[in-house]
Every structure is written in C-alpha cells, then in structure tokens.
Amino acid sequence: MTQREKEDKLVETLKDPDEDNKPARIIDEAIRNKHKVYCATDWHLWKRVTKGKSKCNKNKDFEKILKNVNETLTKDDVLIYLGDIVDGEFTEKEELKSILKTIPGKKILVLGNNDLFTKSFYKSCGFDYVVQSFVWHNVIFTHMPVKNDNDINVHGHIHGYRIYWIPYTNQIDVAAFNGRHELVELDGLLKKQKAYSKTIKESPEHFNEGYMNQN
C-alpha cells in the first residue's frame with residue numbers, strides 16, 4: 001500500500017466526529033471561566049532511528065517541548081493535541097506514560113497516524129478524551145487535513161510545510177505557528193486562517209513522512 005493509499009484509508013475514519021461531543025463542552029467551559037485553550041501537534045518525542053524498526057531515540061527538542069508545555073499550561077487550561085506524540089515504532093510505553101501524566105490541565109488527544117496504542121492507554125497517560133476527530137462550534141479538529149463542510153479544519157500532520165494533497169478549502173496547520181514546539185492559543189489560531197490560506201500550495205503527492213520527521 002502506498003503512502004497516499006494509507007492516508008486515504010485513515011482519512012475515511014475521520015468523517016464521523018465524536019458523537020457525544022464532550023471535548024467541545026470542556027472547551028466551552030474553559031472559555032466561560034476565562035481559562036486558556038491551546039493547540040499543539042506532532043511532537044514526535046521519540047523518533048525512529050530506522051523506518052519500520054522499533055528503536056527510537058529522543059527528539060533533539062525533547063526537553064524544550066516539555067519545558068514549554070509545562071511552563072505554559074495551568075491545571076485549568078485545555079490542551080487540544082492533534083496527534084503523533086511519538087513515532088509509531090516506539091516501545092517504551094511506561095516511560096511515555098510517566099512523562100505525559102506530568103502535563104497539567106484538561107487534555108484532548110486527536111489520534112494521529114503514529115498514535116498506535118489503545119485509547120485506554122492514552123487515557124491512562126492523562127488524556128481526558130481520545131478521539132479520531134471532533135467538532136467545536138463548526139470547527140473540525142483532525143490530525144490530517146480533510147475535506148469537510150465545516151467553517152475551519154484545524155489539523156497537524158504536515159509539519160508546517162503548507163502543501164496540501166487535497167483541494168484546499170478551509171484548513172489551518174497548527175505546526176505552521178510553531179505548534180510542534182510551543183503551545184498555540186486556539187482563539188488566535190482561528191483568526192489567522194484567512195491569512196494562512198493565502199500562503200499554501202497544492203500538490204497531488206503526499207509528503208514522505210520519513211523526510212518530514214528529519215525536521
């Protein structure tokens with residue numbers, strides 16, 4: 001199966017957002033109580049040494065990422081994490097769990113193509129909700145950009161490259177605003193979508209993720 005075929009297959013799972021929409025409720029509650037809502041994506045805290053092999057090393061920005069997260073979030077804030085915590089071959093689950101549990105606040109995980117463990121495992125890491133996608137006030141949150149009928153599609157996956165393999169309509173990549181290393185406030189992100197839309201390109205080919213993970 002080609003990379004493009006894998007992506008298309010995964011995108012099929014994103015078309016039916018979380019039905020009870022509990023993630024949207026905790027976002028509304030945080031905003032109502034004047035707390036912050038942040039987005040982040042594609043940390044790849046451990047990165048594969050060789051594609052397809054289980055050996056992974058810590059990302060060179062490992063300490064920087066976690067320092068920024070823990071210094072920014074409070075216990076009352078919300079983090080929407082848009083997928084790919086580590087590379088798919090990662091095996092040190094208990095170490096990962098111990099690190100993720102130190103992150104404060106209410107946390108929503110939108111599963112990425114590298115998030116291969118069970119939903120129950122990610123919940124044991126401190127995520128309040130683990131979903132394929134969800135909608136908040138007609139903004140759809142996914143890992144990969146998807147064709148949609150919503151106002152905006154907030155996503156990760158393309159690592160800030162601003163090149164889309166689907167006809168571009170209303171997407172915005174959190175990584176384009178340093179969301180791989182810092183937290184990006186949701187409110188400000190949404191306001192940047194129109195300007196962002198003028199900077200993107202379209203390509204029939206999907207980026208090779210092995211290449212992206214070198215950056």
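Strand S9, which covers residues 152–155, pairs with S11 in the parallel sense, and the two are joined over 3 bridges. You can find one of these links yourself in this predicted model: look for Asn 153, whose bridge partner in S11 is Gln 171.

Now step back to see the sheet around this pair. It is an open sheet of 4 strands with mixed pairing, and the order is S7-S8-S9-S11. Strand S7 (134–136) and strand S11 (171–173) stand at the edges with a single partner strand each, so one side of each has no neighbour in the sheet. From one strand to the next, the twist averages 25°.

There is another open sheet to explore. Here 5 strands follow the order S6-S5-S4-S1-S12, and the pairing is mixed. Its edge strands are strand S6 (129–131) and strand S12 (184–185), each of which pairs on one side only. Follow strand S1 (residues 37–40) and you will see that S1 and S12 pair in the antiparallel sense over 2 bridges. Within this pair, Cys 39 stands opposite Val 184 in S12.

Leaving aside its neighbours within four places in sequence, Trp 136 is in contact with Ala 24, Ile 27, Asp 28, Ile 31, Phe 141, Leu 186 and Leu 190.

Next, let us turn to the backbone. Most residues other than glycine have a negative phi. His 137 has a positive phi of about 45° although it is not a glycine, and you will find His 137 in the loop between S7 and S8. His 157 also has a positive phi, near 80°, and this residue sits in the loop between S9 and strand S10 (163–164).

Are these two histidines buried or exposed? His 137 has a relative accessibility of 55%, so it counts as exposed, the cut-off being over 50%. His 157, by contrast, is buried, with a relative accessible area of 0%.

Finally, take in the whole protein. Its secondary structure comes to 8 helices and 13 strands. Of its 215 residues, 52% are buried. The accessible surface comes to about 10500 Å², and 48% of that belongs to carbon and sulfur atoms. Among contacts between residues at least 6 apart in sequence, 66% join residues at least 24 apart.

Technical notes. Residues are numbered from 1 along each chain as its sequence is written. This is a predicted model: local features need pLDDT of at least 70, side-chain atom pairs count only at pLDDT 80 or more; totals for chains, interfaces and linings use all residues. Side-chain values use heavy atoms; hydrogens and water are left out. Two strands pair if DSSP finds at least two bridges between them. Axes are lines fitted to C-alpha atoms, for helices over the stretch in contact, and angles run from 0 to 180 degrees between N-to-C directions. Contact means heavy atoms within 4.5 Å. Buried means under 20% relative accessible area, exposed over 50%, partly exposed in between (1.4 Å probe, protein chains only). Accessible areas come from the Shrake-Rupley method with a 1.4 Å probe; for residues, only the protein chains shown count as cover.
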